[in-house]
Amino acid sequence: KKEQENTAKEELIAEKKASPYVTMFLECDYKEEFGKVGEEDDFVEAELEFGSGIKSIIVPAGFSVATYSKENKGGAKITLGGPSDQKCTTIKSMVVTKV
């Protein structure tokens, strides 16, 4: 059963990495999708703030995401280039750029 869950999670991550937008999740397990950004044709860059924070993110090819552990681009900065994913982190603000 655990193996099936891991396979399903890996398939979800692969699917989201192939999508045309960055997907954010409220929890570490990629189950509760919080939202997505970047699917508009004219999308170039967006700055986002999350009061309660998000825990996981999947970044497809064609995007770069600078994540911050505090609001207003404060705290630790981690830059993710797609395709990549980051789980079990705390993201309070971020800048998403189409590259």
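Hi everyone, two housekeeping points. Residues are numbered from 1 along each chain as its sequence is written, and side-chain values use heavy atoms, with hydrogens and water left out. Because the model is predicted, local features need pLDDT of at least 70 and side-chain atom pairs count only at pLDDT 80 or more, while totals for chains, interfaces and linings use all residues.

Let's start with strand β1, residues 22-25; strands here are DSSP E runs of at least two residues, helices H or I runs of at least four, numbered from the N terminus. In a regular strand, side chains alternate between the two faces of the sheet. On β1, Val-22 and Met-24 on one side and Thr-23 and Phe-25 on the other are all buried, meaning under 20% relative accessible area with a 1.4 Å probe, protein chains only; exposed is over 50%, partly exposed in between.

Who are the neighbours of β1? β2 (residues 33-37) runs antiparallel to β1 and is joined to it by four bridges; pairing takes at least two DSSP bridges. β4 (residues 56-59) is also antiparallel to β1, with three bridges. Met-24 faces Gly-35 in β2 and Ile-57 in β4.

Now the open sheet: four strands, ordered β3-β8-β5-β6, with antiparallel pairing. β3 and β6 (74-81) are at the edges with a single partner strand each, so one side of each lacks a neighbour in the sheet.

Along β3 (residues 45-54) we find Ser-52, which is exposed at 66% relative accessible area. Six bridges link β3 to β8 (residues 91-98), and Glu-49 stands opposite Ser-93. Thanks, everyone!
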